[in-house]
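I am opening a notebook on this structure. My plan is to look up one thing at a time and write down what I find.

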Amino acid sequence: MATSVLCNLRLKALEPDRFNNGAIDTVDAWLYSLELYFNVNKLKFNSDHEEECAAIAAALLRGVALNWHKRLHRTGTLPTTYTNLKAQLIKHIGVLNKA
């Protein structure tokens, strides 16, 4: 009986780490762990969840990445979908690493 109860539970993944540095390999690993979290919690990157996934990702930004996001917000160029946020974050972090 206990087994059937456990099988019916929908377990959620732990919240992914916050992103707080500027290494491209770290942002890649962070995005991967974030996408695993989305998948476990049934948040697919389609029109139904793109904005929600972007909001979750943005809420986990810290340091330089958070300042970058705040700058985009102020200038009205903030990406509203996860796909666009991901592409712009990779582009931004890549630029930081070339300096």
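How far does α4 reach from its first C-alpha to its last? I looked this up and got 19 Å for its 13 residues. That is close to the 18 Å expected at 1.5 Å a residue, where the expected span is 1.5 Å times one less than the number of residues.

**Ground rules.** I note that this is a predicted model, in which local features need pLDDT of at least 70 and side-chain atom pairs count only at pLDDT 80 or more, while totals for chains, interfaces and linings use all residues. Residues are numbered from 1 along each chain as its sequence is written, and side-chain values use heavy atoms, with hydrogens and water left out.

**Confidence.** I checked pLDDT, the predictor's confidence in each residue, from 0 to 100. The protein chain averages 81, and 78% of the residues score at least 70. Helix α4 (residues 63–75) has the highest confidence, at a mean of 94, and helix α1 (residues 2–8) has the lowest, at 47. Over residues 1–8 the pLDDT is below 50, and beyond near neighbours in sequence I found zero contacts for this stretch in the model. Contact here means heavy atoms within 4.5 Å.

**Overall layout.** I counted five helices and zero strands in the protein chain. Both are DSSP runs numbered from the N terminus: helices are H or I with at least four residues, strands E with at least two. Of the contacts between residues at least 6 apart in sequence, 62% join residues at least 24 apart. Buried residues make up 29% of the 99 residues; buried means under 20% relative accessible area, exposed over 50%, and partly exposed in between (1.4 Å probe, protein chains only).

**Helix α4 again.** Which residues of α4 are buried? I list A65, W68, H69 and L72. Seen down the axis of α4, they fall within an arc of 95°, so they line one face of the helix. The arc is taken from the directions from the helix axis to the C-beta atoms. An α-helix has 3.6 residues a turn, so residues three or four places apart point the same way. On the other side of α4, I found H73 and R74 exposed. Just after α4, G76 takes a positive phi of about 75°.

**Aromatic pairs.** I found three aromatic pairs in the structure. Rings of Phe, Tyr and Trp (its six-membered ring) pair if their centres lie within 6.5 Å; planes under 30 degrees apart count as stacked, over 60 as edge-to-face and the rest as tilted. The rings of Y37 and F38 have centres 6.1 Å apart and planes at 55°, so this pair is tilted. For F38 and Y82 I read 5.3 Å between centres and planes at 90°, so that pair is edge-to-face. F38 lies in helix α2 (residues 24–40) and Y82 in helix α5 (residues 82–98), so the pair ties together parts that are 44 residues apart in sequence. Both Y37 and F38 are buried, and so is Y82. I record Y37, F38 and Y82 as one aromatic cluster.

**H92.** Leaving aside neighbours within four places in sequence, I found H92 in contact with V64, W68 and R71.
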